[in-house]
Amino acid sequence: RDLATENQWCSNLESFEHETPSKEEYICLTDCVLWYLDKFSFQEMLKFAPEFGEIYRQILRELYFESIKQSQIIASKTAEQRILWLYNEKPHLTKLLTAKVLANYLHLHKDVFGRVRSKVLKEQG
């Protein structure tokens with residue numbers, strides 16, 4: 001559903017809100033430190049540092065906007081256009097992740113991704 005890189009947040013808000021286990025799987029592709037915040041700790045943080053509430057709202061807005069943008073691209077763009085978008089807007093991902101992960105992110109079959117990516121990159125020269 002999403003990719004998070006260094007110093008980024010990811011979340012399952014429904015699971016967080018209802019305090020239920022997430023049905024999503026989080027896979028770390030590199031060595032990392034993963035931090036999590038349970039609802040009780042989050043509420044305590046808001047009591048002692050109310051300014052965190054605004055930071056949290058800003059993070060949620062950014063995650064929401066990015067999710068909408070990705071959904072629109074997947075729904076309205078061809079495979080070629082999706083790959084061009086990825087290489088132009090998120091080039092750091094193309095250096096970090098395998099073709100299989102990138103294909104999945106763009107909702108493309110890995111064979112289609114490989115074939116179209118080769119064509120697109122050749123045309124870009």
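**Helix H3.** I looked up what lies over the buried residues of H3, and the cover includes H1, H2, H4 and H6. Contact here means heavy atoms within 4.5 Å. Helices are DSSP runs of H or I with at least four residues, and strands are runs of E with at least two, numbered from the N terminus. The buried residues in H3 are Phe 52, Gly 53, Tyr 56, Ile 59, Gln 70, Ile 73 and Ile 74. Buried is under 20% relative accessible area, exposed is over 50%, and partly exposed is in between (1.4 Å probe, protein chains only).

I then checked the length of H3, residues 51–76. The expected span is 1.5 Å times one less than the number of residues. For 26 residues that gives 38 Å, and the end C-alpha atoms are 38 Å apart, so the two agree.

**Model and confidence.** This is a predicted model, in which local features need pLDDT of at least 70, side-chain atom pairs count only at pLDDT 80 or more, and totals for chains, interfaces and linings use all residues. Residues are numbered from 1 along each chain as its sequence is written, and side-chain values use heavy atoms, with hydrogens and water left out. pLDDT is the predictor's confidence in each residue, from 0 to 100. I read a chain mean of 89, with 99% of residues at 70 or more.

**Aromatic rings.** I found 6 aromatic pairs in the whole structure. Rings of Phe, Tyr and Trp (its six-membered ring) pair if their centres lie within 6.5 Å; planes under 30 degrees apart are stacked, over 60 edge-to-face, the rest tilted. Phe 42 and Phe 52 are edge-to-face, at 5.9 Å centre to centre and 70° between the planes. The pair links H2 to H3 across 10 residues. Phe 42 counts as buried because its relative accessibility is 10%. Phe 52 is buried too, at 12%. Ring pairs join Phe 16, Phe 42, Phe 52 and Tyr 56 into a cluster.

**Lys 39.** I found Lys 39 in H2 (residues 39–48). Is Lys 39 buried or exposed? Lys 39 counts as buried, at 15% relative accessibility. Its side chain reaches the backbone oxygen of Glu 17 at 2.9 Å. Leaving out residues up to four places away in sequence, Lys 39 touches Phe 16, Glu 17 and Glu 19. Glu 19 is 20 residues away in sequence, yet 7.1 Å away C-alpha to C-alpha.

Definitions and conventions
A polar contact is a pair of N or O atoms within 3.5 Å; within protein, one must be able to donate a hydrogen and the other to accept it, and residues adjacent in sequence count only if both atoms are side-chain atoms.
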